[in-house]
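Hi everyone, thanks for coming. I'd like to walk you through one model today, so please have a look at the screen first.

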Amino acid sequence: MSIEIRNLRKTFGEFDVLKDLSLTVESGELLALLGPSGCGKTTLLRIIAGLETADAGQVLFHGEDATQRPVSERQVGFVFQHYALFRHMSVFDNVAFGLSVRPRASRPAKADIRERVMRLLKLVQLDWLADAYPDQLSGGQRQRIALARSLAVEPRVLLLDEPFGALDAKVRKDLRRWLRQLHDDIHLTSVFVTHDQEEALEVSDRVVVMNRGVIEQVGRPEEIYEHPASPFVTQFLGDVNLFHGRVGANHVEIGDYAHPLDGQAPAGKGEASVYIRPHDLEISREAGQALATGTIEHIHSVGPIVRVELRRQGSGELIDAALTRDDYQQLRLALGDTVYVRP
Ligand code: ATP
């Protein structure tokens with residue numbers, strides 16, 4: 001089921017949390033809402049769910065206006081950061097809960113509930129824990145059970161609010177892959193809130209980058225990463241170096257390096273901000289045609305990538321470069337060396 005959000009506005013007191021926000025979630029896609037703390041992600045998710053009302057705008061489910069529809073009629077499933085499992089109930093009963101509390105007329109027969117719960121527990125690969133209690137589970141297992149429980153009532157949309165936020169880094173990584181796999185199996189329209197860029201890029205079909213109540217960019221993970229639409233997106237998506245350049249007729253000059261514009265029309269003449277990621281920088285001992293000259297201040301050499309931090313001559317800014325171990329060893333870099341930086 002698709003979700004369309006039209007011109008949504010939400011104010012808390014004096015504070016505009018969502019400012020005229022429009023967005024479409026395609027049927028069957030896994031969409032990440034990514035942005036810093038306080039940018040309005042959770043508020044948007046709660047409005048989609050019907051847990052919060054908007055001041056203006058509409059939410060359409062499958063083309064139908066659902067703005068005034070109560071939560072109970074929206075057929076949405078939720079998973080929150082803090083597992084909301086009932087501690088006094090077994091895993092089986094937790095997953096069965098949404099079905100067993102239905103009015104008699106719409107409640108499936110006991111055998112059908114059993115069949116459905118066991119199918120879901122298999123789907124989240126925890127059927128062997130059906131008789132366990134939440135206290136006996138790890139954090140990651142609890143979140144998988146919470147997910148199975150939200151799926152039991154056959155929602156048309158799944159909403160996940162920082163579902164792995166409380167887990168440690170390793171479990172988080174495993175669960176991301178697992179969620180992606182699960183989504184590929186069930187193709188349920190899902191909206192996933194996170195402030196972790198790596199998580200958003202790895203898990204989702206498309207990413208919505210939010211900042212202060214507005215959408216900065218919507219796109220597939222590689223589009224967002226390779227072609228960020230604004231300085232905010234560039235910086236939010238990971239480490240990046242800022243260089244100040246000057247725009248010429250068909251090139252941008254940074255230091256004594258000239259980058260051809262290859263027919264791309266510059267936005268205007270004059271100053272330009274040029275963002276370059278650490279792994280797109282090259283370090284050399286040869287002078288000339290360089291973006292900058294720097295002195296090595298720090299070398300962090302763990303794993304296949306070596307991070308080198310340079311103090312830039314002139315401005316004193318720091319430049320962060322990421323080299324492969326081979327390049328690093330060939331250059332024989334040492335603290336205090338003066339080197340040249342190129343893209
Ligand atoms: P986080 O990642 O920290 O959860 P978020 O992007 O999900 O952030 P929201 O939870 O949507 O952000 O909150 C956006 C802003 O609205 C915040 O400044 C928050 O303090 C404010 N806010 C949220 N809910 C309420 C409320 N019920 N009353 C007043 N202010 C609120």
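Let me start with a contact: Gly-139, Gly-140 and Gln-143 of α4 meet Val-171, Asp-174 and Leu-175 of α5. By contact I mean that the C-beta atoms of two residues, placed from the backbone, lie within 7 Å. Helices here are DSSP runs of H or I with at least four residues, strands are runs of E with at least two, and both are numbered from the N terminus.

Before going on, two housekeeping points. Residues are numbered from 1 along each chain as its sequence is written. This is a predicted model, so local features need pLDDT of at least 70 and side-chain atom pairs count only at pLDDT 80 or more, while totals for chains, interfaces and linings use all residues.

Back to that contact of α4 with α5: its residues divide into 2 nonpolar, 3 polar and 1 charged. For those classes, Ala, Val, Leu, Ile, Met, Phe, Trp, Tyr, Cys and Pro are nonpolar, Asp, Glu, Lys and Arg are charged, and the others, Gly among them, are polar.

How do α4 and α5 pack, in angle and axis distance? Helix α4 (residues 139-152) and helix α5 (residues 169-186) pack at an angle of about 30 degrees, with their axes 10 Å apart. That makes α4 roughly parallel to α5. Angles under 35 degrees count as roughly parallel, over 145 as roughly antiparallel, 65 to 115 as roughly perpendicular, and the rest as oblique. The axes are lines fitted to C-alpha atoms, for helices over the stretch in contact, and the angles run from 0 to 180 degrees between N-to-C directions. The crossing of α4 and α5 is right-handed, a term used if the near helix is turned clockwise from the far one by less than a right angle; anticlockwise is left-handed.

Now step back along the chain to α3. Helix α3 (residues 110-123) packs with α4 at an angle of about 140 degrees, and their axes are 9 Å apart. That makes α3 oblique to α4. The crossing of this pair is right-handed. On the α3 side the contact uses Arg-116, Val-117, Leu-120, Leu-121 and Leu-123, and on the α4 side Ala-148, Leu-151 and Ala-152. By class, that gives 7 nonpolar, no polar and 1 charged residues.

The partner on the other pair is α2. Helix α2 (residues 91-100) packs with α3 at an angle of about 130 degrees, with axes 10 Å apart. That makes α2 oblique to α3. Their crossing is right-handed. Phe-92, Val-95, Ala-96, Leu-99 and Ser-100 of α2 make the contact with Ile-113, Arg-116, Val-117, Leu-120 and Leu-121 of α3. Those residues split into 8 nonpolar, 1 polar and 1 charged.

Which residues of α2 are buried? They are Val-91, Asn-94, Val-95 and Ala-96, and what covers them includes α3 and α4. Buried means 20 or more other C-beta atoms within 10 Å of the residue's own, exposed means 12 or fewer, and partly exposed is in between, with C-beta atoms placed from the backbone.

Asn-94 counts as buried because 25 C-beta neighbours lie inside 10 Å. Leaving out residues up to four places away in sequence, Asn-94 touches Leu-85, Phe-86, Met-89, Ile-145 and Arg-149.

For α1 (residues 41-49), the buried residues are Lys-41, Thr-43, Leu-44, Leu-45, Ile-47 and Ile-48.

Most residues other than glycine have a negative phi. Glu-162, in the loop between β7 (157-161) and α5, has a positive phi of about 45 degrees although it is not a glycine. Glu-162 is partly exposed, with 19 other C-beta atoms within 10 Å. Gln-289 sits in the loop between β15 (282-284) and β16 (292-302), and its phi is also positive, near 55 degrees. Gln-289 counts as exposed, with 12 C-beta neighbours inside 10 Å.

Finally, the overall view. The protein has 9 helices and 19 strands, and 32% of its 343 residues count as buried. The domain assignment, which is automatic or from a database, gives domain 1 (3-236) and domain 2 (241-342). Their C-alpha centres lie 40 Å apart.
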